[in-house]
Amino acid sequence: MISFQTTRLDIRPLVLSDAEDVFEMRRDPEVAKWGSSGTPDTTISQTIDWMLSSCGPAASDTNDTTISPKKTYLKLVFAIRELQPSTIFPEPKVIGTIGIKRLAMPLGPVGSNRVRWELGYGFHVGAWGKGYATEAARGVMGHFGEIKWVLEGQGQGDDAVVVADGLWAATAEENLGSQAVLRKCGFGFVGEFVDELGRKNLDFQVLA
């Protein structure tokens, strides 16, 4: 599986042993309000369900706690840790997650077979304001081709769908911090849409 490091971060596939750290992040209302559900996890079981959603244990991996993509839903999620201890996180722990998934185009017509590769991320509040989201996003973008190759099965795409060019991302209209991250990474605004929770989202794309 794909693992790499940036200047300050270690980024590797999410594993089930990360559940406690991820739960600590996802239980925080400030983090959860920007997520897809808009509500915090209240139990670690919810966090584990999220970690396993559309993914499953990698049967071929020597570590049976590794989360790997299923063929039915193309998604790869990474855990993010600091390379060096900090005053906020003196012990090694997961401070964020970042991933790429393939999903239907929010701006496409109903019934369209158009899909896209979308970037998503979330961080522990203690890691906000340090430039970690930008650093991690740039790192993942540098491995975008490799990630697609893994998810699609040695480069073979699904002939039943039309995959939009580049890498996409969506963020709530009020999430100015995330919008700044995307613009720093070269994403450009392409439109807006209302999600299933009734929230207005801004849509971004970069030709990666």
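## Leucine 207

Let's start with leucine 207, which sits in the segment after β10 (200-206); helices (H or I, at least four residues) and strands (E, at least two) are DSSP runs, numbered from the N terminus. Leucine 207 counts as exposed because its relative accessibility is 69%. Here exposed means over 50% relative accessible area, buried under 20%, and partly exposed in between (1.4 Å probe, protein chains only).

Leaving aside neighbours within four places in sequence, leucine 207 is in contact with Asp165 and Gly166, where contact means heavy atoms within 4.5 Å. The C-alpha atom of leucine 207 is 8.1 Å from that of phenylalanine 187, 20 residues away along the chain.

## How confident is the model?

This is a predicted model, in which local features need pLDDT of at least 70, side-chain atom pairs count only at pLDDT 80 or more, and totals for chains, interfaces and linings use all residues. Residues are numbered from 1 along each chain as its sequence is written, and side-chain values use heavy atoms, leaving out hydrogens and water.

The pLDDT is the predictor's confidence in each residue, from 0 to 100. Its mean over the chain is 88. Confidence is highest in α4, at 98, and lowest in strand β3 (residues 55-57), at a mean of 45.

## A covered helix and strand

In helix α4 (residues 132-142), nine of the eleven residues are buried, including Tyr132, Glu135 and Met141. Strand β7 (residues 114-123) is mostly covered too, with seven of its ten residues buried.

Strand β7 runs antiparallel to β6 (residues 94-104), joined by nine bridges, and parallel to β8 (residues 162-172), joined by four. Two strands pair if DSSP finds at least two bridges between them. Valine 115 in β7 stands opposite alanine 104 and also opposite valine 163 in β8.
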